Amino acid sequence: MAVLVDVHTHVYLPRYASWLRSRSIAPRILVNEAGEERLLILENETSAGRPVGPSYWDRDAKLSFMDQHGIDISVVSFANPWLDFLSPPDAESLARDLNTDLEEYCATGPALASSSLQRLYGLGLLPLVPGISIPSVLEAVSQIAQAPHLRGLIMGTKGLGKGLDDEALDPIWGAIEKAGLVVFLHPHYGVDSSAWGEKENGHVLPLALGFPFETTTAITRLILSGTFDRFPSLRILLAHSGGALPQLSSRLASCIDHDPIVASRLRHNARFYLGKLWFDAVAYGPEELAFVTEVISRAGRYESGSSNTKVLADRKEGSKRMLFGTDHPFFPPLSSSEKWKSVVENLEAIDSVVGWEQVEREGVRGGNALTFFGIE
Ligand code: URA
Ligand code: ZN
């Protein structure tokens with residue numbers, strides 16, 4: 001069955017939006033002088049914030065966006081900054097309630113016509129905040145694993161406050177791996193904003209560069225910590241096509257090879273780990289999708305030393321680890337238009353990768369997601 005599945009689509013459920021409304025500092029939702037609600041979540045965001053409305057929390061709005069763009073199924077995840085700003089007790093209870101809410105959001109949603117599938121599946125969240133007890137995080141993993149419509153969880157890059165290379169996370173990686181849940185790794189903080197200078201460029205630099213650089217740093221630290229050697233069956237999906245990791249993976253491998261502290265730490269050549277990851281197709285261009293799928297396909301073969309393979313065959317092989325996404329409700333069109341440019345561009349990119357045939361395009365559009373998330 002050829003379906004279109006959106007694996008990168010967010011929601012601020014009503015319970016979370018209420019929490020943001022109750023706050024007087026960011027992250028928060030405020031009402032401006034014109035009486036309109038604004039979302040303030042990014043670092044250094046001016047009080048103008050972003051317009052926020054039903055597309056952020058209303059299920060009918062999500063479904064109508066899906067219908068408008070021919071999306072059959074969405075794997076909906078909570079949006080940044082998740083629970084990062086909460087105290088351990090608040091994070092623990094809100095994680096439990098939000099995971100319950102998301103399961104209900106999916107379970108009581110519509111079925112996909114003439115199939116036994118639902119139109120909505122979800123990725124829950126964990127109460128990952130400094131000072132939380134590991135058993136309470138493990139309880140959230142187990143709650144998600146038992147929820148029939150939740151197929152994994154979305155995670156930011158802070159871990160328990162020390163990043164994702166913190167050994168204290170090992171029991172959590174172990175539980176996630178054992179439960180077979182997908183981890184969707186997603187940025188929020190960007191990188192040091194002093195690099196952005198003084199010119200007013202709106203959200204362009206933090207979103208276009210800061211977000212993907214943050215993901216790149218987080219996944220690189222995870223690779224360097226040997227986590228994939230200890231948990232080889234972990235399934236991690238990287239937002240925004242893995243940021244800069246595919247472009248920098250050979251440089252990373254070379255830096256490791258030449259570093260006396262790290263050279264003998266990992267079981268594999270650094271490129272190998274790219275072949276263990278999954279990548280969304282939220283890159284907005286066919287050349288980028290072609291490059292990423294070529295690089296990840298070759299990654300595993302560096303073990304045997306044979307990197308000289310056929311480019312188009314590599315792109316086809318690598319496409320099995322790539323999955324369509326939209327980043328809804330972010331990046332709405334600035335003026336009213338029938339379809340969102342951010343969606344159309346990602347679909348056109350999938351349609352235009354040189355070397356992919358119909359089977360690869362259908363895989364990236366939805367077939368890979370059905371397999372990856374066990375939607376059957
Ligand atoms: N802006 C955000 O804050 N989050 C996203 O996921 C995309 C854009
Ligand atoms: Zn996103």
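Two strands count as paired if DSSP finds at least two bridges between them. The legends below describe close-up views of a predicted model.

**Figure 1. Strand 7 (residues 150–155) with strand 6 (residues 120–124) and strand 8 (residues 182–185).** Strand 6 and strand 7 pair in the parallel sense, with three bridges between them. Leu 150 in strand 7 has Gly 122 standing opposite. Strand 7 also pairs with strand 8, again in the parallel sense, and this pairing runs over four bridges. Phe 184 in strand 8 is the bridge partner of Ile 154. Strand 8 is covered on both faces. Val 182 and Phe 184 are buried on one side, and Val 183 and Leu 185 are buried on the other.

**Figure 2. The surroundings of His 149.** His 149 belongs to the loop between helix 4 and strand 7. The relative accessibility of His 149 is 15%, and buried means under 20%, so His 149 counts as buried. Apart from neighbours within four places in sequence, the residues in contact with His 149 are Glu 103, Cys 106, Ala 107, Gln 118, Leu 120, Tyr 121 and Gly 122. One of these contacts, Gly 122, is also the residue opposite Leu 150 in strand 7.

**Figure 3. The buried face of helix 1 (residues 14–21).** Tyr 16, Ala 17 and Leu 20 are buried in helix 1. Viewed down the axis of helix 1, the buried residues fall within an arc of 100°, so they line one face of the helix. The elements covering these buried residues include strand 2 (28–31), strand 3 (37–40) and helix 3 (88–107).

**Figure 4. Helix 1 against helix 3.** The axes of these two helices come within 9 Å and cross at roughly 145°. Helix 1 contributes Arg 15, Tyr 16 and Trp 19 to the contact. Helix 3 contributes Asp 90, Leu 94, Asp 97, Leu 98 and Asp 101. The contact residues divide into four nonpolar and four charged, with no polar ones.

**Figure 5. Helix 3 against helix 4 (residues 134–146).** Helix 3 and helix 4 pack at an angle of about 0°, and their axes are 10 Å apart. Angles under 35 degrees count as roughly parallel, so helix 3 is roughly parallel to helix 4. On helix 3 the contact is made by Glu 92, Ala 95, Arg 96, Asn 99 and Thr 100. On helix 4 the contact is made by Ser 136, Glu 139, Gln 143 and Ile 144. Two of the contact residues are nonpolar, four are polar and three are charged.

**Figure 6. Helix 10 (residues 286–299) against helix 11 (residues 311–318).** The axes of helix 10 and helix 11 come within 7 Å, crossing at roughly 90°. The two helices are therefore roughly perpendicular to each other. Helix 10 takes part with Ala 290, Thr 293, Glu 294, Ile 296, Ser 297 and Arg 298. These meet Val 311, Asp 314, Arg 315, Glu 317 and Gly 318 in helix 11. The contact has three nonpolar, three polar and five charged residues.

Figure 7. Most peptide bonds are trans. Pro 27 sits in the loop between helix 1 and strand 2. Pro 81 is part of the loop between strand 5 (73–78) and helix 3.

**Figure 8. Positive phi at Trp 82 and Tyr 284.** Most residues other than glycine have a negative phi. Trp 82 is not a glycine, yet its phi is positive, about 50°. Trp 82 lies in the loop between strand 5 and helix 3 and is buried, with a relative accessible area of 3%. Tyr 284, also not a glycine, has a positive phi of about 70°. Tyr 284 is placed in the loop between strand 10 (278–280) and helix 10. With 30% relative accessibility, Tyr 284 counts as partly exposed.

**Figure 9. Asp 60 in helix 2 (residues 59–68).** Asp 60 is exposed, and its relative accessible area is 56%. Asp 60 and Arg 265 are 205 residues apart along the chain, and their C-alpha atoms are separated by 50 Å.

Note on methods: Residues are numbered from 1 along each chain as its sequence is written. Chains are lettered from A and ligands numbered from 1 in the order in which they are written. This is a predicted model: local features need pLDDT of at least 70, side-chain atom pairs count only at pLDDT 80 or more; totals for chains, interfaces and linings use all residues. Side-chain values use heavy atoms; hydrogens and water are left out. Buried means under 20% relative accessible area, exposed over 50%, partly exposed in between (1.4 Å probe, protein chains only). The arc is that of the directions from the helix axis to the C-beta atoms. Contact means heavy atoms within 4.5 Å. Axes are lines fitted to C-alpha atoms, for helices over the stretch in contact, and angles run from 0 to 180 degrees between N-to-C directions. Angles under 35 degrees count as roughly parallel, over 145 as roughly antiparallel, 65 to 115 as roughly perpendicular and the rest as oblique. Ala, Val, Leu, Ile, Met, Phe, Trp, Tyr, Cys and Pro count as nonpolar, Asp, Glu, Lys and Arg as charged, and the others, Gly among them, as polar.
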